[in-house]
Amino acid sequence: MTSPFAFLSVRRRRSPLSGMFFAPGDLAGFALVHALAALSADVARCPSRFQRCNARSLVRRLRILSALFEFLEESFASSPSSPLPPRFPSSAALCLKELYIFVYRSKILLEYCSQSSRLWLLLRNPQISGSFHDLARELATLLDVIPLDDLLLTVDIREHLELLRRQCKRSELFIDPYDEKLRRKIHSFLGRLETGVLPDPAELRSTFVDGLGIQDARAFRTEIEFLEEQVFNQEEDMDLPVVGGVIALTRYCRFLFFGFQEMEFGRPFGDQGRISRRRLSSLGSSVSQGSADFSLSIPKDFCCPISLDLMKDPVVVSTGQTYDRASITQWIEEGHRTCPNSRQTLANSRLRPNRALRNLISQWCAAYGIPYGTPEGTGTSAESTVAACSSKAAIEANRATARILVQQLSAGSQEWKTVAARELRLLAKTGKENRSLIAEAGAIPLLCRLLHSTNPVAQENAVTAILNISIHDSNKRWIMEEEGCLKLIVYVMIHGLTTEARENAAATLFSLSAVHEFKKMIADEQGAVMALANLLMQGSTRGKKDAVMALFNLSTHPGSWSPMLDMGAVSALVGALRDECVAEEAAGALAFLMRQPFVAQTIGGEDTAITNLVGIMRRGTPKGKENAVAALQEMCQSGGLAVTQTVARMQVLSGLIRTISLTGTKRARRKAALLSKLCQRCEAPTAMAFGNDWLVDRTLARTNSVRGSSFRSGNLSVSVSMTVQVPVL
């Protein structure tokens, strides 16, 4: 049976007594008393590792209430035909419902204490102690108003209830002095780290291992995962710098005390950080929640019409239907161009996040204790959260951890090197300070050695760690100046043992190519451009995006066009114009490359390229239309008369230019006016046949005449709109 207020209150990681609670409106009479008896008996068995004194006191009080409920249950059983036992006042039903809420709140608090991490309970020791005290005062009020005289209670039950009422009235806030001593000790460690001093290892062991009972590497990992989840959920008031410092200190203690003991060397990276969230083994058409003893069905609107599973990242397609991102992406990648639900043709393959539905699903999952992950594309939010957690203590603890990991990366066994690379990958995942201190610790050359490893896990973690480190600008130079590092990154992109390793190598080139002086070096590196071109043509969606952005960066260097043309990158970019997920980036790269007359003539000789660019002008995003019209304008400007004639023959082009001139972005309107002038001046008979159709906006064209002169002089400055975001993995 599900309580009516369970949806609002059953939350494993939410503040245990926050939220609204309502009496079960569907329970009355014997059903209510029976539910109270069963619930109180169940709550009395809840274990608690921390807050032992407060928890024991609460359990003793619940056992006394359990005796009351069992007595009332027996009274109902003796008169089943009567809705109420003899002389049982109807006003007592209201008190019993309030007692039901009290018992349920007690259950939530005790479960919260039993399921939360030791460190989290320690950090919130005063607040949680206050929650126990609030329940004691609440019970005292309930026992004051419940009509004990009319319940026909036995003498011993009545005496126990009277004694319980007096005890609750006299109860005071109790904060366990031993727990409080440990909490202050943790804060003293953070204070030392703030001054740049590492705490004494013996004191750390006494506090974490002996005092808190975190006695192996697995337990340390669980503590870290729980605290990180609290930080990213932020469902309770917390001092983020303090929590961030404790996470970093705990990570340092894990490797300081246990090294790489009890580590799972061959464990796939995708499973990392999920153990603590797996309260349920699977999500299907029904969900069970053992701790609350009820089962429920997933609301139909929360299920993906394709997979019929709970949607993790709901997105809206062009027809207005909502699907889970993974399912609809696979559907589109398989070549389908219709909406699975409505069977209508998809106008485009763009997917818009359905944030309103996702928030509802997230709330529903949180209420029933179902883990609900973070969707892709929230890296910026994660970065801002980590930045809020940053503190001098966290930085110093992470610096010490990095030194331990780099030492194992240098002198450890092959298995330990694999784990060290993975941990460095995780440490570099967020926070520019972490990325900087890892590089300063000397990790880059050691990670490079693992790039040619025959162990796919080691290779994948090493290249991804380098990717994450490279996001910090000052580290890019260290990577590029490391002898052989660029060659090894290209090697992984070509010969990587896993798809993720190859794609992350491409993402690394994308990150490194953001620095102008490195673009020519990457373009000239043997195999780099060809590998990016192959990935753009044959890779997954994520791989294609990394490849096209790397090629876009390379295209902005005037000396890169020759290797890009020779190695097939230009052809790959032309082909990518047909792929909506990378079309606008490909058009932007081509706009730069076609500043070179030979490239413009080569591409302009293909009707397919012109047709695809015109298609983007018709159906693309505002940014895509801007890049497409810029590419056509560059093609005509640099390609000469023959290319301009070919472009001018496109019968729909004049109408599209007119539309963009009225509705496009500011830059798109300027490019459209320049393209219109080029087509108007074309002396080809076909182009002249258009007559005044090319006179799109004389005023706009005249306004841009000065800028147009720079095009004619060959000193063109191409402006391309582009959103650049390096993935963090």
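Let's start with helix H21, where the buried residues (under 20% relative accessible area, 1.4 Å probe, protein chains only) are Cys485, Leu486, Ile489, Val490, Val492 and Met493. Seen down the axis of H21, these residues fall within an arc of 155 degrees, so they line one face of the helix. This is a predicted model, in which local features need pLDDT of at least 70, side-chain atom pairs count only at pLDDT 80 or more, and totals for chains, interfaces and linings use all residues. Residues are numbered from 1 along each chain as its sequence is written, and side-chain values use heavy atoms, with hydrogens and water left out.

**Helix packing**
- The buried residues of H21 pack against H18, H19, H20, H22, H23 and helix H24 (528-538).
- Helix H20 (residues 473-481) has Asn475, Lys476, Ile479 and Met480 buried.
- These four cover an arc of only 135 degrees around the axis, which puts them on the same side of H20.
- Among the elements covering the buried residues of H20 are helix H17 (432-440) and helix H19 (456-470).

**Nonpolar cores**
- A nonpolar core is a set of buried Ala, Val, Leu, Ile, Met, Phe, Trp, Tyr and Cys residues joined through side-chain atoms within 4.5 Å.
- The largest has 190 residues, of which Phe208, Leu447, Leu573 and Leu632 touch the most other members.
- A second, separate core of 19 residues includes Phe302 and Cys365.

**Cysteines**
- The whole structure holds zero disulfides (pairs of cysteine sulfur atoms within 2.5 Å).

How values were computed
Buried means under 20% relative accessible area, exposed over 50%, partly exposed in between (1.4 Å probe, protein chains only). Helices (H or I, at least four residues) and strands (E, at least two) are DSSP runs, numbered from the N terminus. The arc is that of the directions from the helix axis to the C-beta atoms. Contact means heavy atoms within 4.5 Å.
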